[in-house]
Amino acid sequence: MNQLVKPRIHHLGVQTADLNNCLAWYLEFFDAEQKWELDRFSQLTLSRLPGIRRLTEVAAGELRFHLFDRAGHTRQQPDEDGFLFQHVCIQVDSPQALQAARRRWAELYESGRFTFSRPDQPTEIVVDDDGVQSLYLFDVNGLEYEFAYIPDGHR
Ligand SMILES: [Fe+2]
């Protein structure tokens, strides 16, 4: 196929039941910056996301998140056996960054300042046969992130 575009991810859309909780956690965990906020939406957005009230963009380096709340949020986790984006993998530059992410997650969890929709703790850092190191953890909404250190010369 003739590649006409160079696809790259612009942002991840994160639906939450509690935007203040979610925003505060993303700002601290990802050391992110709040860029802008919207509370008026197009007809298309309102039809795609009925009940949307606020949407805010936060950026951590090149990675942006669009965090938004829905008036009718069920506060339930989705069906894990159904169709969904199961996790998002974020590549980091060093094994130390994985340890730092794991530590920061625990600090924020233990601070008691955030409401987590599931109690699961981060995994250990696992190393596969190629030397790729991975850590899995959940955000305050129960969405799963993988953090991966991929050594030079590997996939
Ligand atoms: Fe993965």
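The model is predicted, so to speak of local features I need pLDDT of at least 70, and side-chain atom pairs count only at pLDDT 80 or more, while totals for chains, interfaces and linings use all residues. Residues are numbered from 1 along each chain as its sequence is written, and side-chain values use heavy atoms, with hydrogens and water left out.

Fold to begin with. There are three helices and eight strands in the chain; these are DSSP runs numbered from the N terminus, helices being H or I with at least four residues and strands E with at least two. Their order along the sequence is β-α-β-α-β-β-β-α-β-β-β. The C-alpha atoms fill a box of roughly 50 × 50 × 35 Å along the principal axes.

On to contacts, meaning heavy atoms within 4.5 Å. Of those between residues at least 6 apart in sequence, 56% join residues at least 24 apart.

Next, the surface. The accessible surface is about 10400 Å², and carbon and sulfur atoms hold 49% of that; the method is Shrake-Rupley with a 1.4 Å probe. Of the 155 residues, 36% are buried, that is, under 20% relative accessible area (1.4 Å probe, protein chains only).

Now helix H1, residues 19-29. Which residues of H1 are buried? They are Leu19, Asn21, Cys22, Leu23, Trp25, Tyr26 and Phe29. At the start of H1, Asp18 places a side-chain oxygen within 3.2 Å of the backbone nitrogen of Asn20. After H1 comes Asp31, with a positive phi near 50°.

Technical notes:
Buried means under 20% relative accessible area, exposed over 50%, partly exposed in between (1.4 Å probe, protein chains only). A polar contact is a pair of N or O atoms within 3.5 Å; within protein, one must be able to donate a hydrogen and the other to accept it, and residues adjacent in sequence count only if both atoms are side-chain atoms.
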